[in-house]
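My notebook is open, and I am looking up a few things in this structure.

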Amino acid sequence: MDNWSTPSRITYKRWRDPELRGEVNFMGQNDEDQGTDNEICTIAAARVDSGGRELASRAGSNKTEETFTLDEALEAVGFGKFQWKISLLTGLSWIGDAMEMMILSILGPQLHCEWRLPSYKVALITAIVFVGTGISSPVWGKVSDKYGRKVGLTMCMCWTLFYGLMSAFAPVYGWLLFLRGLVGFGIGGAPQSVTMYSEFLPVKSRGTCIMLIAAFWAIGAVFEVLLALLVMPTLGWRWLLGLSALPMAIFVCFCFWLPESPRFDVLMGKRENAMATLTRIAKENGKTLPAGKVTVYKQSERGQIKDLFIPQYRSTTLLLWFIWFANAFSYYGIVLLTTELFQSGDSCDTTRGAKIEPNCSVECKYLTSADYKDLLWTTLAEFPGLLIILAVDRIGRKKSMALCFFMFSLCILPLYACTGRIALAIFIFIARAFISGGFQVAFVYTPEVFPTETRALGMGTSSAMARLGSLITPFVAQVMLRTSVYLTLSLYCGCSLLAGVASLMLPIETSGRNLQETNLDHEDGNQTTNTSDQLNDPTGP
């Protein structure tokens, strides 16, 4: 004891949750004594005398293996060749999703005339797809959180490919409805491609890259309209359904290349697998990893929906659910309104209530080449919508979403007036650009705000709420429109205004924020802040 030259420095740290006391591993050159009274953790930092005698604990700490976090590893390897490859592969699933959704606005008018379907049955063809996606989205999210991102994404793409091809052979309306519902069940897992993609990106480029992958959705939507323009007049809707599954077939052929997310492997305790994936990324990008091994986080039971409602995420979850609902309700609403309003020639006949429900196939109006061309021009609005990328890192995710919702509402207002076909196309183009951009910002924000252990479930449940909005919107855009155009437009305008307000109310801004691995990361942040305050206060709590 005579070798001690100075007294020990005592640091106190108060723990908010008593159950976490025993779970914390203290590292470094300190002796530790975890107190049990009043949840106080006492750390004794010993000093050595001038003779240089060191404590045994200090000697032991020198043997501690160097570690680094996943964020440090991804920052070190950067964005390179590997990320471009995974962008293309996950982008294929995004193209397939967009084509299966875009086909709904083309298939409805065709079968309305060919099979003499009333408007509610036409709306059901669209609605049943969203019923399937709404049911399956949380299921695929749970599968991805429990068994891996690669497993969940590959399974849903194989499912969609099979039933997408089968629906092309549907003999009657009932079979088509059943098979399209199963297609919808598979599509519900497509958002997991964004979950997976985001977990391979460094912090600095994450927002921009996720927005850029949205370009694949725009490509899919435009490609579907071009395909319809070529196929529908000659081969018919069955060939269109079959050919629309082509991107998913390509994805299935190359999915063996996809690695599992290193974040998922780390949470599963599979450090070797995570290190192998990170080494592969570093090699392909021509970079080197930090020295040591990746940090392994405490494992916990994953895929529990109750984790979305713990205090620090409850309001975020509820607000995001409404934002996703409003996004899908407005986005698919404007997509379906496009073909409905274009068939009227301009908005004058529609707003005056002159749109009459056809009673027989002779009175039906098939989509013409002019309709397909106008649909193509409005679909090209997906690309200007990507310009929101300029704002997503400058003003933040929350304000970017709010901006898109408010501008969409503003562009809906001129549709109340009697406008010609050209003016109609312009306003729909701008409205679709903004709501598309807002949807993509939601895809950036959601995987960023939830931790790894519930990220896929958070995306899945949010997507389910989006599908609920998508389920309702056909009955508004294709059925209610025939009764009252003003009420229809008011619903879309009001819903998007509320969603803009909800975006500003989100409690967490994720711009520049590292991805959280567990729910405890948020608590650790609070505890670190409290510790710093207490170190500055010599009296302590």
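**Entry 1, the largest cavity.** I asked which helix gives the most to the lining of the largest cavity. It is H20, with four residues. For helices I took DSSP runs of H or I with at least four residues, and for strands runs of E with at least two, numbered from the N terminus. I note that this is a predicted model, in which local features need pLDDT of at least 70 and side-chain atom pairs count only at pLDDT 80 or more, while totals for chains, interfaces and linings use all residues. Residues are numbered from 1 along each chain as its sequence is written, and side-chain values use heavy atoms, with hydrogens and water left out.

Helix H3 (81-102), helix H14 (314-343), helix H20 (421-449) and helix H21 (452-479) each bring at least two residues to this lining. I put the volume of the largest cavity at about 120 Å³. Among its 15 lining residues, Trp94, Trp217, Tyr332, Phe439 and Phe443 are the closest to the centre. By type I find nine nonpolar, three polar and three charged residues in the lining. Here Ala, Val, Leu, Ile, Met, Phe, Trp, Tyr, Cys and Pro count as nonpolar, Asp, Glu, Lys and Arg as charged, and the others, Gly among them, as polar.

Searching the whole structure gave me five cavities of 30 Å³ or more. A cavity is a set of points on a 1 Å grid over the protein atoms alone where a 1.4 Å probe fits but cannot get out, and lining residues have an atom within 4 Å of a point. Grid points are joined across faces, edges and corners, and the volume is the space filled by probe spheres set on the points.

I stayed in helix H20, where Glu448 lies. Is Glu448 buried or exposed? With 1% relative accessibility, Glu448 is buried (under 20% relative accessible area; exposed is over 50%, partly exposed in between, with a 1.4 Å probe and protein chains only). Its side chain makes a polar contact of 2.7 Å with that of Arg397. Such a contact is a pair of N or O atoms within 3.5 Å; within protein, one must be able to donate a hydrogen and the other to accept it, and residues adjacent in sequence count only if both atoms are side-chain atoms. Beyond neighbours within four places in sequence, Glu448 has contacts (heavy atoms within 4.5 Å) that include Arg206, Arg513 and Leu515.

How many disulfides does the structure hold? I found zero, taking a disulfide as a pair of cysteine sulfur atoms within 2.5 Å. For Cys253, the closest cysteine sulfur is in Cys255, 8.3 Å away, so the two are too far apart for a bond. Cys253 is exposed at 53% relative accessible area, whereas Cys495 is buried at 12%.

Arg116 sits in the loop between helix H4 (104-114) and H5. Its phi is positive, about 55°, although Arg116 is not a glycine. At 60% relative accessibility, Arg116 is exposed. In helix H5 (residues 119-147) I looked up Val143, which is buried at 16% relative accessibility.

**Entry 5, the chain.** I count 23 helices and five strands. Of the 541 residues, 55% are buried.

Methods
1 Å grid on protein atoms, 1.4 Å probe; cavity = no way out; pocket = protein on both sides within 12 Å on 5 of 7 lines; lining within 4 Å.
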